[in-house]
Every structure is written in C-alpha cells, then in structure tokens.
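Have a look at the model first, then read on.

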Amino acid sequence: MFRKLFAWVVMGCIMLTGVGNAMSQSNPKLMTIIVLLGPPGAGKGTHAGPLSEHISLPHISTGDLFRENIRNNTVLGQKVKSFMDQGKLVPDELVLDMLFQRMENPDCVRGCILDGFPRTVSQAKALDAKLGKKSRIIALNFNVPDAVLIERISGRLICKECKKPYHKRFDPPRQANVCDACGGALYSRDDDQENIVRKRLEVYHEESQPLIDYYAKRKGELREIDSQNSKEQVFRDVMIALSSKD
Ligand SMILES: [Zn+2]
C-alpha cells in the first residue's frame, strides 16, 4: 500500500516538475547518460534498479557486463577473463569496447544509467569523446560520510548456513551470533572488516575525487545526493536532482 502510494507520488513529481527537462524531451534526439558515483556501501546499487524502472532507461553495470560477456564466452569476455584470472585490472580499452558495444543496443537510444563507469578522468574523457554532442551527462554523487559507511559495512553479519544478512546494530539477531531463521552461526566477511573497509574508502576517494571535480567543473552535470537518509527519501532526492535544469 505504502509502496504503491510512494510510486504514485514519485510519478506525480516526475510529471509536475518535468524530469522531461533533464530527460531530453525538449530535444528528443539528445541522449541522457546518468552516471552513478559514490563510495562502496553508499546505496548506488539499491537505487539503480528502481531508478531504471521509473525513468525507463537501462541500467548498465560494468560488473554485470563483465560477467555477461564471460558467461556468453564472447571474444571480449575471453579477454576480460584472462585478465581477471591473472588477478589483473581489466584495461580501460577493453572496458570501453564492452560498454560502447552494449550502448549500441536499441534500448539505449534515449540514454542509459551507468554504474561502475567511468571510474577515472581518462575513462570520463573517453565517454565524452564517444558521445560527442548527441547526449548530456548527469552525474549523481551519492554522499555518505566515511564514519557512517564504516559502521554500516563493518557491522554486517551473514548466516553461514542460509546466508541471511544481519547488522550488529541496525538489524541484530535475537541471540548474539545465531541466525533467527535457521540457528546457523553468523560471521562477517573478510571484505567487511573495519580496516579493509577503511582502506577501500581511501582508495575510492583517491581515485574518484578527480572524477567528481571533473563533472563539478561542467555546468549542471554534477548533482549531489545525501545518501544518509531513508531509502524513500534518497529516491525522492534523486528524482528531484534529475528534474532540475542545472
Ligand atoms: Zn540462517
């Protein structure tokens, strides 16, 4: 009931405020490329799917693209796999080939939502060069203070048996370290250890700050989203950010 009402409110907002301004109705040939930015755990993944549905643009995650190409054993997929098997980073050129091939699909004719790309200024420049003047970019930057992210991520627990997720503080099991559903033991993933999360955030900031600056310098491209709020509030803020002209 609440969900439905929320959906209608959001739909109403879209019509009233005219996401159309940002969503290229004024020029139907202009593609809208939405770039999702934000540290791990900031909620990009949570909002990408619903956003894609609401504005009818496909959600393209580079992680999914890698997996899809590997699963289908495409030429690009074989190359990606050989880099990953050696524990190496997939080179930009290959990521670009895969992404631009995907963007040729007819479902991207109005644009798309990019998740996990660009990660660096040189990737952003390659995207600009590819798009030329036939598109506009809106970069949504999901902001959450590091301290909040560290608490969110390092508090995660998972059941060894049924994989049910918990959180030490926000969603604790009834009995410490025991799964409510199946009685299995709970553990926290190595990746979620506080020192590892800190390190990941450090790497993220170092890598992405120049990218955020790059979009901030261009009028109307960077839109800040306070991602500490409730899921519903963040989604509303995303819709508002997309509907503003700049
Ligand atoms: Zn369990």
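Two strands count as paired if DSSP finds at least two bridges between them. Helices (H or I, at least four residues) and strands (E, at least two) are DSSP runs, numbered from the N terminus. Keep in mind that this is a predicted model, where local features need pLDDT of at least 70, side-chain atom pairs count only at pLDDT 80 or more, and totals for chains, interfaces and linings use all residues. Residues are numbered from 1 along each chain as its sequence is written.

Strand 5 pairs with strand 7 over two bridges, in the antiparallel sense. Cysteine 159 has leucine 186 in strand 7 as its bridge partner.

| Strand | Residues |
|---|---|
| Strand 5 | 156-159 |

Now for valine 144, which sits in the loop between strand 4 (135-143) and helix 8 (146-154). Is valine 144 buried, exposed or partly exposed? Buried takes 20 or more other C-beta atoms within 10 Å of a residue's own, exposed means 12 or fewer, and partly exposed is in between, with C-beta atoms placed from the backbone. Valine 144 has 19, so it's partly exposed. Its C-alpha atom is 9.1 Å from that of glycine 43, 101 residues away along the chain.
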